[in-house]
Amino acid sequence: MRAGQPGWTRRTALGAGSVMVAAMATQASAQLTVTIDRGTIRALPIAVSPFASADPEAAALGVQVAEVVAADLDGSGLFRTIPSTAYLQTPEDLQANGPRYADWRTINAEALVMGTASLADTGTLVVEFRLFDVLSGVELRGLRFTAPTADWRRIAHKVADDVYARITGETGYFDTRIVYVGQTGPATQRVKRLAIMDQDGANNRFLTSGANLVLTPRFAPDGQTIAFLSYAATQPQVRLIQADGTNERVVGSFPGMTFSPRFSPDGRQLAMTIASDGNADLILVDLASRGQRRLTNGPGIDTSPSFSPDGRRLVFNSDRGGSPQLYVMDLASGRTDRISFGQGRYGSPAWSPRGGLIAYVNQRGADFHVGVMRPDGGDERLLTRSYLDEGPRFAPNGRVIVFERADPSRGRSRLNTIDVTGYNIRELPTPVDASDPDWSPLRR
Amino acid sequence: MRLLAVLACILVLAGCARNTPEEPVLDSAVTGAGNASGPLAGSQAALQAAAGDTVYFAFDSSVVRPESQAVLRQQAAWLQQNPNVRVAIEGHTDERGTREYNIALGERRANAVRTYLIGLGVPASQMTTVSYGEERPASVGSGEQSWAANRRAVTSVLGTS
C-alpha cells in the first residue's frame with residue numbers, strides 16, 4: 001500500500017458464508033461518465049491490471065479475478081476493457097508506486113482498476129482493489145473483499161459491481177445468478193431440467209433430474225427459493241424448490257392446474273394462474289397461511305402476472321378483449337387497464353425492478369419481438385426480432401434483459417441478454433439448450 | 001401412463017377382454033403377444049382404430065371444428081362401450097405464442113373436447129384434462145403445416161378403473 005494512503009475503515013459483513021467487504025477511505029466523486037445517447041453507447045475505455053501477489057497461488061487467482069472483472073465490465077456494453085498486453089505499467093510497479101497516469105493516458109484508458117490478491121488463513125482469499133480516474137488522476141474507490149477461495153468468482157463480480165456502480169451511478173448486476181430450464185433430447189420428447197448458473201454462465205448446475213417436465217422457474221426476492229411449474233403429479237402444479245436443489249415441495253392443493261408463479265416483492269405471496277373448466281384466472285396465495293385470493297374472474301385467459309416493485313400493481317396477459325394483450329391491475333381497487341395497443345399479440349410481461357418499464361413479447365406477422373413500454377403503455381420500443389424470442393426478465397438493476405431465443409434453422413434455443421436501450425445483444429453460454437430464464441436479485 | 005396401459009393389456013392378452021391387473025396371466029402374455037391380430041380392447045390403439053384419438057384446432061382457437069365432430073362422436077361411442085376405461089384429454093398448442101398463454105390455451109382446448117364428449121353422454125368421471133401447452137409437439141418444424149399438426153387435443157387412455 002502506498003504511503004499516505006488512508007487505512008481500511010468500515011468492515012461490513014454481508015450475510016452468512018458470503019463475501020466480506022471493507023471500504024478503503026477515499027470516496028471521491030466520479031468524474032467519469034458512460035454516455036448513453038439515442039443511437040450510440042460510448043463505452044468507457046478501462047484498464048484492469050492483473051491483481052498482484054507475491055504468493056504464486058494467490059497471483060494466479062489475482063490474474064483470474066482481473067479477467068472476470070474485465071469480462072463483466074465488457075459484457076455490460078458500457079465499458080471497453082483495454083487488453084492487458086497494451087499496458088505500459090506492470091502490476092508490480094503499479095502496486096509499489098501507484099498509477100503512472102501518463103502511461104495509462106497513453107493507451108487511452110480513462111479508468112484504471114488495480115488490486116492485490118492474498119491467501120489469508122486456510123482457504124480464504126483476500127482481494128483489495130482500487131479504482132482510479134486516469135484523466136483527473138484521482139482515486140475513486142478502494143475496497144477489500146474476503147471470501148472462501150472457492151468463491152473467488154463472486155469476489156470478482158463484487159469488484160465489477162462496485163466499479164460499475166461507481167462509474168455509471170447505477171447498481172451493478174454481476175454478482176447474480178440465472179435460473180432457467182435446460183433442454184436435451186428430441187423435440188417431441190424434450191427432457192427439461194431446472195438449472196442455475198452465475199450470470200456469466202459459470203458454475204452451472206442442474207437442480208432437477210429430468211424425470212418430470214418442469215417449466216418457468218422464478219426466484220423469490222431472497223434468491224434462495226424458486227417457484228416453478230412441475231408435471232410430476234397427475235395434475236401439473238406450482239412447486240417450490242431451494243436454489244441448491246433441495247426441499248422440493250408443493251404450494252397447496254388447488255381445484256385445477258396451477259402455473260405461471262411469481263413472487264410478490266416482499267416474498268410473502270405468490271401470484272399464479274389456476275386453470276379449470278377451460279378458464280384461466282389469476283390468484284394470490286399467501287405463503288404463510290396458504291390463504292387464497294382470486295384476482296380475476298372472467299371467462300378469458302388471465303396469466304403471466306408480474307408485480308410492480310412496490311407490490312401494489314400487477315401486469316398480466318389476458319385475451320379478455322379477443323386477443324392476448326397486456327393489462328395492469330391495481331391490487332387494492334381491482335381497477336384494470338389495458339396497456340398494449342400496438343400491432344399484433346402481446347404476452348410474457350415482466351415489470352422492471354426499477355419500476356419505469358415493462359418488458360414483454362410482441363408477436364406480429366412472422367416475427368417475435370422483445371419490447372419495452374412504460375407501465376401506462378407509453379413509449380413502446382421493440383428491442384429484438386427473431387423467429388421466436390420469449391420470456392424476457394430483468395436484471396436486478398433494470399438495465400439488462402435476459403430472454404430465450406429459439407432458432408429452428410440451427411435447431412437450438414439459447415439465452416440472450418440485451419441492454420434496455422436495444423444494444424449489446426449477447427448469447428449466454430449454457431451447456432445445453434435453454435429457455436425460461438429468471439434473474440436473481442443481487443447476492444448478499 | 002399410456003404405455004403402461006398397453007403393456008398391462010399385452011400381459012393379459014389372449015382373449016382377455018377385460019383388464020384385471022390383480023390377475024396377470026403371464027403365460028398367455030408370452031404366447032399371446034406375438035399373435036395379436038388387432039388392437040387390444042380398451043387400449044389407445046383400439047380408440048385410435050375405432051374413432052381416432054386426435055382433433056385439431058385453428059390458431060389461438062379452442063372451438064371444436066365441424067370436421068372434429070365426427071371423431072368426437074366416435075370417441076364418445078367408444079368411451080360408452082368401454083365404461084371402465086379412463087382417459088385424459090391432453091391439450092396442446094403450436095409454438096407460436098408465449099409459453100404460459102399456451103398452457104392456458106391447451107387447457108381450454110382439452111376442456112372444449114371434454115365438454116363436447118360430456119354433451120354426447122360420456123360420464124365426466126371418465127375423463128380428466130391436462131394441458132401441455134407447446135411442450136409436446138407432434139410435428140417438429142417451423143411452418144404452418146407443423147403448427148397446425150400441433151394445435152390439437154389427444155384423448156389418451158390412462159387405464160381402467
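**Exercise 1.** Decide which residues of α4(B) are exposed and which are buried, and describe how the buried ones are arranged.

Solution. Viewed down the axis of α4(B), the buried residues fall within an arc of 120°, so they line one face of the helix; the arc is taken over the directions from the helix axis to the C-beta atoms. An α-helix has 3.6 residues a turn, so residues three or four places apart point the same way. The cover over these buried residues includes α3 (44–50), β1 (54–56), β2 (85–92), α5 (99–119) and β4 (152–160) of chain B.

The model is predicted: local features need pLDDT of at least 70, side-chain atom pairs count only at pLDDT 80 or more, and totals for chains, interfaces and linings use all residues. Residues are numbered from 1 along each chain as its sequence is written, and chains are lettered from A and ligands numbered from 1 in the order in which they are written.

**Exercise 2.** Describe how α4(B) packs against α5(B).

Solution. The two helices, α4(B) and α5(B), pack at about 65° with their axes 9 Å apart. The crossing of α4(B) and α5(B) is right-handed. From α4(B), the contact uses Leu72(B), Gln75(B), Ala76(B) and Leu79(B); from α5(B), Val113(B), Tyr116(B) and Leu117(B). Contact means C-beta atoms, placed from the backbone, within 7 Å. By class, the residues of this contact are six nonpolar, one polar and no charged.

**Exercise 3.** Locate Asn203(A) and state its phi and exposure.

Solution. Asn203(A) lies in the loop between β11 (191–198) and β12 (205–206) of chain A. Its phi is positive, about 55°, although Asn203(A) is not a glycine. Asn203(A) is exposed, with 12 other C-beta atoms within 10 Å.

**Exercise 4.** Do likewise for Asp277(A).

Solution. Asp277(A) sits in the loop between β18 and β19 (279–286) of chain A. Asp277(A), not a glycine, has a positive phi of about 55°. With 13 other C-beta atoms within 10 Å, Asp277(A) is partly exposed.

**Exercise 5.** State how many residues of chain A and chain B are in contact.

Solution. Chain A contributes 30 residues in contact with 23 residues of chain B.

Definitions and conventions
Two residues are in contact if their C-beta atoms, placed from the backbone, lie within 7 Å. A residue is buried if 20 or more other C-beta atoms lie within 10 Å of its own, exposed if 12 or fewer, and partly exposed in between; C-beta atoms are placed from the backbone. Helices (H or I, at least four residues) and strands (E, at least two) are DSSP runs, numbered from the N terminus. Axes are lines fitted to C-alpha atoms, for helices over the stretch in contact, and angles run from 0 to 180 degrees between N-to-C directions. A crossing is left-handed if the near helix is turned anticlockwise from the far one by less than a right angle, and right-handed if clockwise. Ala, Val, Leu, Ile, Met, Phe, Trp, Tyr, Cys and Pro count as nonpolar, Asp, Glu, Lys and Arg as charged, and the others, Gly among them, as polar.
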